[in-house]
Each structure stands twice: as structure tokens, then as C-alpha cells.
Amino acid sequence: MSVKEDLYYSEDHEWVREEEDYLVIGVTDFAQEELGDIVFVELPEVDEEFDKDDSFGVLESVKAVSDTFIPVSGRVIKVNEDLLDNPELINDDPYGEGWLIKVDPADDSELDELLSAEEYAEFIEEE
Amino acid sequence: MDYISNTAAEKNKMLKEIGIKEIKDLFQMIPEAVSADDELNIESGISEMELMRKAQAQAAKNKSLDQQISFLGAGAYDHYVPGIIDALISRSEFYTAYTPYQAELSQGTLEAIYEYQSMICDLTGMGIANASMLDGGSAAAEAVTMAARITRNSRVILPDTINPAYREVIKTYGAGVDLDFVDLETEDQFIDPTQLKENLDDQTAVVVLQYPNFYGSIEKMEEISKMVKNNKKTLLLVIANPVLLGVLKAPADFGADIVVGEAQNLGSGLNYGGPYLGFMACKDDRRMLRQLPGRIVGKTTDVDGKEGFVLTLQTREQHIRREKATSNICTNEALNALMATIYLSTMGKAGLKEVGEQSYHKAHYLADKLDQLAGYQVLNKENFFNEFVLKTEKDSTELIKELLADDIIAGYDLKEAGSEGILVCVTEKRSKAEMDKLVEKLEVL
Amino acid sequence: MEEKLIKDYSSPGRRGYSLPPLEVEKSDINENLAGYLREELELPEVSEVDVVRHYTALSEMNYGVDSGIYPLGSCTMKYNPKRNERVARISGLSNIHPYQPIEQLQGSLEILYQLKLDLAEISAMDEITLQPASGAHGEFTSLLIVKKYFEDREENRTKVIVPDSAHGTNPASAAMAGFDVVEIASNERGMVDLDALAEALDENTAALMLTNPNTLGIFEEDILKITEMVHKVGGLVYYDGANMNAIMGYAKPGLMDFDLMHFNLHKTFSTPHGGGGPGSGPVGVKDFLAPYLPKPVLKKDQEKYFWDYQRPKSIGKVHSFYGNYGVMLRAWAYIKTVGGKGLKETTENAVLNANYLKARLKKDFELPYAEESLHEFVLSGSRQKEEGASTLNIAKRLLDYDQYAPTIYFPLVVKEAMMIEPTETENIGTLDHFVETMLTISREIKEDPELVINAPHTTTVRKLDETAAARNPDLHW
């Protein structure tokens with residue numbers, strides 16, 4: 001169960017990576033383990049806007065469906081098209097090639113409300 | 001006979017294991033107020049002999065199609081059902097089996113459903129078919145709501161050349177999700193494409209077409225299809241007669257997005273309206289597939305690399321998705337789908353075509369003869385397949401009634417559909433003698 | 001054993017059918033149907049022997065209730081009597097077109113009417129429709145009735161409440177009828193949490209959907225309080241009749257103050273499951289809801305039976321014709337055979353058999369709810385999970401012993417759930433055999449866990465790759 005250092009985390013098991021002009025969002029290793037083999041990913045449209053904690057997509061495994069909840073408010077600027085044909089990228093590389101969306105954040109201060117890597121590691125210990 | 005095999009001694013043994021005195025103790029949690037006081041007011045059980053006698057007595061109060069010649073169609077068709085079907089589906093491993101959730105013990109059912117899906121795709125020309133729907137009407141209704149979900153529109157164009165019972169079912173389902181129905185009133189049992197064009201807009205989710213239509217006519221499929229396709233978002237739903245698809249071009253060739261219909265005529269017999277068999281097929285498109293209701297069987301391999309079949313894409317279904325499911329459908333018409341699969345295997349490429357062609361030629365023979373009689377006219381002479389509208393000078397209800405005395409059911413009284421005349425259907429089962437008899441009798445009435 | 005597809009038996013020109021020669025002259029099909037004729041038809045070309053061999057082979061890869069025990073909770077896999085099949089095949093009862101004049105069908109209509117009366121008696125409901133073709137179809141029909149009822153009263157109610165232990169078709173049907181679904185948690189005894197219910201109820205509640213006993217096999221002892229609470233806010237209470245086998249002759253939904261309900265003829269009333277249908281899901285309603293029933297409704301006037309279409313408040317139709325008539329014939333035959341007293345004994349033995357299994361299994365498998373249960377009960381495989389094998393593994397290992405697995409991972413309120421319903425047609429012999437097998441597997445998990453984890457070993461195919469099936473769907477040949 002890996003928790004990457006330089007990322008922000010939400011209690012819904014999403015991670016956020018800060019790039020220069022945008023944020024990258026995905027689901028954690030813990031999440032993909034819980035879900036099992038992912039068979040389909042439903043992603044939002046580019047330019048769609050969400051408020052923090054809104055559902056922005058759906059991950060389907062063979063026997064379960066899970067909403068993904070956006071950790072910060074913002075506008076979608078890119079979605080990971082590779083996931084449509086290769087959903088297993090989320091299982092294989094959740095922090096890298098398995099990224100879900102790129103977002104133009106509405107409010108940078110929301111990042112402060114998220115968990116650090118340590119805090120998230122503790123959080124999943126308790127789960 | 002109560003089908004219980006535990007003896008008194010065995011029951012006592014079980015009661016002891018549970019730790020109670022008598023069976024009644026098991027029910028003591030049921031509050032007095034909801035308890036049934038008296039014994040059920042239902043007669044005592046009877047033996048098999050008595051049951052059969054009772055059932056035969058009821059049958060004797062009927063007049064089945066064993067005893068008369070029928071020209072009834074209107075959504076339920078009297079095609080010949082080969083004996084092989086009943087023999088095979090009576091194998092108890094098929095009919096006493098449950099839904100194939102434990103795939104390893106259900107490869108028979110699953111492989112058969114895969115074959116059924118494949119044959120429906122072959123007939124309709126579509127890319128994906130599901131494992132069955134409850135009947136043609138509800139299949140059409142679920143296809144309409146599916147189209148509404150996909151297009152995110154709620155306007156549905158419903159021509160009056162569609163089976164009136166189906167229109168009713170579609171509207172009943174549509175009321176659940178607030179769909180907006182446009183009733184297209186046609187003339188001459190035939191859609192005028194320009195009239196359709198006037199009604200299309202960018203809020204239209206789907207146009208529903210029946211092929212052949214309720215009156216037996218083949219609509220201007222090509223023209224209508226082009227019109228619908230021009231309206232970017234609108235989908236084309238075709239309700240097709242699967243037997244006739246042995247002769248007729250596949251609905252896919254006319255750009256259908258979803259195809260549904262009643263497959264009762266593929267080996268299920270008449271059975272007073274049920275159990276029947278809805279089929280549903282759509283384009284091989286990811287987004288469509290995920291909105292498709294019903295069970296779907298897929299081929300895969302097991303840990304040893306052996307080929308096998310499973311229920312797949314279950315995350316669309318109620319047991320996983322619950323209120324977000326594409327449909328609530330659970331039990332469908334699996335055994336009837338098996339009957340259809342066996343029928344199509346038995347009839348095969350040549351047989352299905354011959355059934356359709358014989359039906360066509362016989363229907364045209366009869367129609368020609370009737371059309372020549374004074375006081376009778378076949379309204380859709382030019383474009384019917386094996387069902388046609390017979391306009392009669394005399395009242396249709398009267399005519400049909402009088403012919404019953406001669407053991408003939410002349411057809412479906414179109415007054416029931418708010419129209420006029422008799423809807424006459426001819427299948428490969430009607431002999432020349434039977435048809436001549438109808439002509440003979442109508443001539444003098 | 002593997003069996004190729006029917007099309008792999010194909011040989012060009014091979015025939016499996018016979019039709020008499022066309023006796024009439026051909027019409028010019030090409031002239032009349034130009035542009036509509038098919039060029040290629042891809043269907044198998046096989047002989048009758050090929051068809052028989054192939055489907056016989058397929059049947060041998062299947063397991064039905066005639067093969068052995070089928071302890072699926074919530075499905076009531078009881079024995080399917082063969083005499084019912086004979087009745088359904090009587091030509092005078094089956095070779096009937098749905099649009100034949102009713103004067104010719106009084107025999108059949110009388111059978112259906114008797115079935116209606118018996119269902120009404122068993123449930124204490126006033127009027128019955130036989131039109132829905134499955135349980136879920138009956139649920140949907142009922143919710144449309146609820147919707148129409150409130151529309152008629154000009155009350156805008158949008159919520160349907162469903163317990164978290166409910167079968168998936170409940171919320172799915174509610175959604176199809178246009179309602180918002182509110183899920184309420186069960187309490188620690190596995191029953192409806194009255195406080196949660198009170199909180200969820202308001203003047204926006206259209207209905208509460210319940211089954212009683214619930215999916216844990218537990219009877220809602222507060223049922224009258226529950227129905228009263230819902231009625232107090234002006235809502236209706238719907239009974240999911242899937243578990244009727246637990247209460248026949250002992251309790252009636254109508255007496256529990258349910259307003260409407262559905263029956264599953266293919267569960268309680270012994271009609272075969274067919275590998276996934278056909279079923280039949282008649283709906284029963286109290287008088288005040290009768291106007292909204294789908295049309296037509298079967299009625300009797302003096303000695304004549306007829307279909308009543310004069311129903312201006314009807315929700316419409318949910319089936320093109322009258323429902324799954326062939327299934328109704330079988331249910332009628334069953335009720336006639338078993339009789340009133342017999343139905344009560346059926347329930348007694350169903351509950352006896354289930355409690356016997358529970359008594360024998362609860363030492364080795366965790367029983368999450370200590371409450372008394374009726375015709376079905378839920379175990380948790382959590383102890384075994386800790387030892388290394390999941391409920392899924394246990395289910396698959398049962399298949400190696402030629403027995404069908406219970407329902408797994410349902411209801412959702414129990415972790416590693418195994419829902420077990422033997423029905424009354426099993427006897428102590430088959431029950432003991434099932435228990436012995438479960439205990440054996442429990443032992444195997446301790447002694448040789450790989451055996452269980454890699455099960456099944458002896459079935460036609462072994463563990464199937466469901467991920468591949470979903471990621472790269474292969475849905476037709």
C-alpha cells in the first residue's frame with residue numbers, strides 16, 4: 001500500500017498533485033486495491049465545473065461501482081483519455097499513468113484543507 | 001400432495017436439533033394482530049389424476065386453434081413450432097436452473113444465451129444484443145427510456161402505425177420518467193416522411209418505427225432513416241418482426257440505433273399472450289452498451305485457459321447499481337430465449353427464409369382473392385408482407401362473429417385499434433384449402 | 001467437457017427443418033419488396049441431430065433444482081412439479097391466441113380467475129392483476145400505481161423509502177417510476193430502525209417498500225407500527241412478496257396493513273426458473289388502489305369471465321397482452337395440488353428446514369444476527385475470511401461437491417454474506433449432506449486452504465476471468 005510523499009490527499013482516497021498552472025487528480029493505491037480490477041471509467045467533459053466534494057466521475061470494477069469525489073473546486077481542463085481503452089492503468093500505476101483529470105482550481109486555499117501524505121497514511125491505517 | 005418429504009420422525013429430529021417443541025414455536029414472533037386466524041379458505045389439495053381431470057375440463061370449455069382456422073396476427077403469430085424445441089427445453093437442467101450467477105455450473109445456459117445474442121445480432125445486423133426482455137412491448141418501452149437517457153432528451157415520436165398495445169406500454173413506462181409523446185397520426189396505415197420531418201426537432205430523443213408496421217405494411221424505411229439521421233441527436237428505434245428478418249433487410253441497414261421486438265414467433269407458441277420474448281439489440285458503441293438494460297453474456301477464459309461464458313457488464317444492473325441501474329430487470333425470458341435459439345438453429349439459414357417467403361406468398365394469394373370479391377378491398381396492397389388490412393362493406397365485428405360459426409377466425413377487428421376493417425395475417429401454417437374456405441365464406445356474407 | 005458453438009456444426013446446405021411445399025403460386029416478391037430484401041442471412045446450417053446433440057451437451061453442463069439442492073436465499077428454489085408441466089402443455093389450454101373472442105376462452109379465464117381468488121385469499125388483498133411478467137415488473141407496476149394515486153389526489157410526493165437490506169430491484173423499480181430513493185439503515189437486530197424511519201418520513205413520502213420477513217429472514221415485529229407511521233404521513237406501504245414462502249397460512253400482508261404488493265409465482269408457487277425466466281409477478285392491491293391497476297382486469301359477471309378495459313384511472317399497460325399466462329397455469333396447478341392446508345404446511349416445513357440448517361451451521365459459521373429467522377437466514381464467512389478463504393471461495397468449493405452455493409454478498413448489511421434458503425422440498429437427507437459439505441469446507445480452510453481458494457476444480461470450467469469479460473467484451477460470435 002503506497003502513499004506518495006509529495007501529494008495532497010482526501011478522505012475519499014483521491015490524491016492531488018500541484019503542477020505550475022493546474023492540479024492533477026487521481027485515486028490512491030488504497031482505493032484501487034479496494035475496488036479491484038477496474039473495467040470502465042466514466043470521466044467528465046472538459047470545461048465542466050465542480051464544487052469541492054462533488055462527484056466528478058465513476059469507476060467500475062467487475063462487481064462494484066464507485067463515485068470519485070473531487071477534492072477541490074475547479075474547472076476540468078483535461079481528462080485522461082487513455083483510461084477509456086486502458087482502465088487497468090489505474091490499478092497498475094494509480095499515481096502516474098492512472099491520473100484521472102487535470103483541473104484549473106477555483107480556490108488555492110482548499111489545498112490546505114487536504115491531508116498530507118503522513119496524515120493520509122495514518123487515516124488508512126485506521127480504516 | 002404437498003411435495004414435502006420430511007417424515008414425522010424426521011421433523012422431530014429436526015425440532016430437537018433446533019431446540020424447540022413444535023413447529024408452531026418457530027412462528028411465535030409473529031404478532032397476534034397480523035396472524036391469519038382461520039385456515040386459508042382454499043380447497044384441499046388434490047391428486048395428480050384429479051388435477052389432470054380438472055385441467056382437461058377447463059380445456060373443454062375453451063375453443064382453441066386446434067378446432068378452428070385462425071388468421072389472427074396483430075403481435076402474436078401462429079408459426080409452426082418444431083417438436084424438437086419442447087424436447088430439448090424439457091431437459092430439467094435447462095428449465096429448473098436458476099439465473100447463471102455461478103457461472104461454472106451454468107455453462108449450458110450461458111453458452112446458449114451467447115448463441116441467442118449472436119443470432120439476434122445476425123438477424124438485426126446490430127452489434128450487441130442482451131439476453132432477453134419480458135416481451136416486445138416492454139422491450140420497446142425500455143428502448144425508448146434508454147434513448148431518452150442517452151440523448152438527454154424527453155420527446156418521443158410515436159406513429160400510430162405501431163402496435164397499439166405497444167404504444168400503451170411505451171406510454172406507461174414513459175410516464176415514470178416524464179417523457180413527452182408526440183402521437184403521429186398517419187393516413188392509409190403508412191407514415192408520410194414529410195409529416196415526420198415537421199415533427200422532428202432538437203429535443204427529440206427518438207423516433208419509433210415498426211417493421212413491418214402494425215398493419216403489415218413496410219414503411220419508407222430509407223427515407224425516414226435519412227430524416228432521422230439528419231436530426232443529429234435523435235435516435236432511430238425499430239421494432240422488428242424477427243421471423244420476417246429471414247427475408248427482409250436488417251434494420252441496421254436502415255441506420256437503426258436500437259432494435260427491439262417480439263420473438264414469440266421464434267418457437268414459443270401462442271400461449272394466450274405469454275410467456276413471450278422481448279429482444280433488444282443496439283449499436284456496438286461503448287456509451288450505448290452501458291445504457292443497455294438486461295443481462296449480457298460474454299465469452300472469456302478460465303484459469304486453465306479454457307473458453308467459458310459469464311454474465312458480464314453487471315454494473316449496469318439492479319443488483320449492483322440499485323437505483324442507478326439502467327433498468328430493474330432481473331428475471332427475464334431465458335427459457336423462451338433458449339427456445340428461440342433452438343428454433344433458429346433448427347430452421348437455419350434456409351428454413352427461416354422459407355418460413356418468411358411462404359408466409360409472404362400465401363398472404364398475397366389470399367389478399368388477391370379477397371380483393372377481387374365485391375364488397376371487399378385490401379387497403380395496403382402495394383407494400384404489405386404477410387399481414388394486410390381488409391376493408392369490408394359489412395361491419396367488421398359482425399363478419400368476424402358470423403365466421404366463428406364456421407370455425408374460422410377471420411382476423412383482428414381493427415375497431416379495437418380505433419381504426420376500421422380486419423387485420424388478416426397469413427403464415428406458412430395456413431393451407432390453400434383454409435384460405436379458399438375463408439374466401440368462399442366471405443363471398444356469401 | 002467443452003462444447004463448441006452451434007454454428008461450429010454448420011455445413012453449407014445442411015438442413016434441420018421440414019416444411020410442406022408451397023401450394024400457391026408465388027407472387028413477385030422482388031417487384032413488391034425491391035430494396036427491402038435481404039441478401040445475406042448468417043444463421044447456422046445444421047441437421048436436427050446436430051441440434052439435439054449440441055443442446056443435450058449444453059444441458060449436461062448445467063445444474064438445476066432437479067440436480068440437487070439450491071439453497072439460494074431470496075429465490076425460493078423449490079421443486080418444480082412435473083404435473084404442472086403437463087397441465088401447461090394441454091393443447092386446449094395453450095394453443096390460444098391472445099385476441100380470440102372471450103366466449104371461446106372461458107375455461108382459461110376461469111383458471112386465471114381462480115388463481116386471482118387464491119392469491120387474494122393468501123395475501124388478504126382485495127384485487128389482483130396478473131399482468132406483470134416478473135417480480136421486478138410487479139414492483140414497477142406497483143410504484144406506477146402509487147404515483148398515479150398521488151397524482152389523482154394532486155399530492156406531489158417524490159420519495160420512496162427502502163431499507164438498506166432490500167433487494168436491488170426495489171430501488172431500481174422506484175427510480176424507473178420516477179421516484180427519489182431514500183435508503184434507511186437497519187438496526188442492530190437486523191430490522192427496520194424506527195427512528196431512522198421516523199426521520200425519513202415526511203409529507204413528501206410516497207411509499208415505503210418492505211419485505212417481511214426481510215432479506216435476513218427476520219420478521220419485522222413492529223410491522224404494524226411501521227405501517228401506521230407511514231400511513232400517518234399519508235404515504236403508502238408496499239410489500240415485496242419474494243418471501244411469501246415464510247408466512248403462508250400464518251400471516252397475511254393485507255393484515256399487516258400493506259396497501260399493495262407483488263407475488264413471485266416462480267418462487268413461492270413452484271413455477272420453474274428456466275435459467276432466468278419466464279417468471280410472473282402478479283400485483284395485489286387494497287380496494288382503494290384498484291382503479292389504478294393496469295388494464296385489462298379480469299372480472300366475472302354472473303357466470304361469464306371477461307376482460308374489463310373500462311378503467312379510466314388505470315396506469316395503462318405494462319405487458320402487451322395479459323402477462324405470462326403459461327406460468328399462471330402452472331401456479332394454478334400447484335395451488336390446486338397443494339391446497340390450502342398444504343400451503344400452510346409448505347410454509348411450516350420451509351421454516352423448519354431453514355432453522356435446522358441454521359442450528360447445525362451456526363457453530364462453525366458466524367451468525368451476525370441472533371434474531372429468530374423464518375425461511376431463510378444469513379451467515380457471515382468473516383471467520384473463514386480471517387483464516388484465508390472468502391465467502392466467494394466457499395461458494396465455489398461447494399460446486400466441487402455437486403451442490404449449488406447459497407446467495408453470496410447479499411444482503412449488503414452483512415460482510416461476507418451467505419444467504420441460505422433451502423425451501424420445504426428438501427429433506428433431512430439433503431440438508432444433512434449440505435451441512436456436512438459446509439463443515440468439510442470449513443475444515444479444508446484450516447487444513448488445506450489452497451483447495452478452497454482455487455476452487456472450483458471439478459466443474460466444466462474453473463474460475464473465469466470476469467475482468468477480461470468486462471474490459472474486452474466478446475458478446476457474440
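How much area is buried between chain B and chain C, and what percentage of it do carbon and sulfur atoms give? In this predicted model, the area buried between the two chains is about 17000 Å², with carbon and sulfur atoms giving 61% of it.

**View 1. The contact of chain B with chain C takes 188 residues from chain B and 204 residues from chain C.** On the side of chain B, B:Y3, B:Y272 and B:R322 lose the most area to chain C, and together they account for 6% of what that side buries.

**View 2. Between chain B and chain C there are 11 salt bridges.** One of them pairs C:R86 with B:E48, whose closest N and O atoms are 3.5 Å apart. Helix α12 of chain B (residues 334–372) gives 24 residues, the largest share of the side of chain B that touches chain C, and by class this side has 87 nonpolar, 57 polar and 44 charged residues.

**View 3. Chain A and chain B bury about 770 Å² between them, 49% of it on carbon and sulfur atoms.** A:F40, A:K63 and A:V65 supply 48% of the area that chain A buries against chain B, more than any other three residues. This contact takes 12 residues from chain A and seven residues from chain B.

**View 4. Three salt bridges are counted between chain A and chain B.** Among them is the one that A:E60 forms with B:R290, with the closest N and O atoms 3.1 Å apart. The elements giving two or more residues to the side of chain A that touches chain B are β4 (38–42), β6 (55–61), β7 (65–69) and α2 (82–85) of chain A, and β6(A) provides the largest share, three residues.

Methods: Residues are numbered from 1 along each chain as its sequence is written. Chains are lettered from A and ligands numbered from 1 in the order in which they are written. This is a predicted model: local features need pLDDT of at least 70, side-chain atom pairs count only at pLDDT 80 or more; totals for chains, interfaces and linings use all residues. Side-chain values use heavy atoms; hydrogens and water are left out. Contact means heavy atoms within 4.5 Å. Buried area is the accessible area (1.4 Å probe) that two parts lose on being put together, summed over both. A salt bridge is a side-chain nitrogen of Lys or Arg within 4 Å of a carboxyl oxygen of Asp or Glu. Helices (H or I, at least four residues) and strands (E, at least two) are DSSP runs, numbered from the N terminus. Ala, Val, Leu, Ile, Met, Phe, Trp, Tyr, Cys and Pro count as nonpolar, Asp, Glu, Lys and Arg as charged, and the others, Gly among them, as polar.
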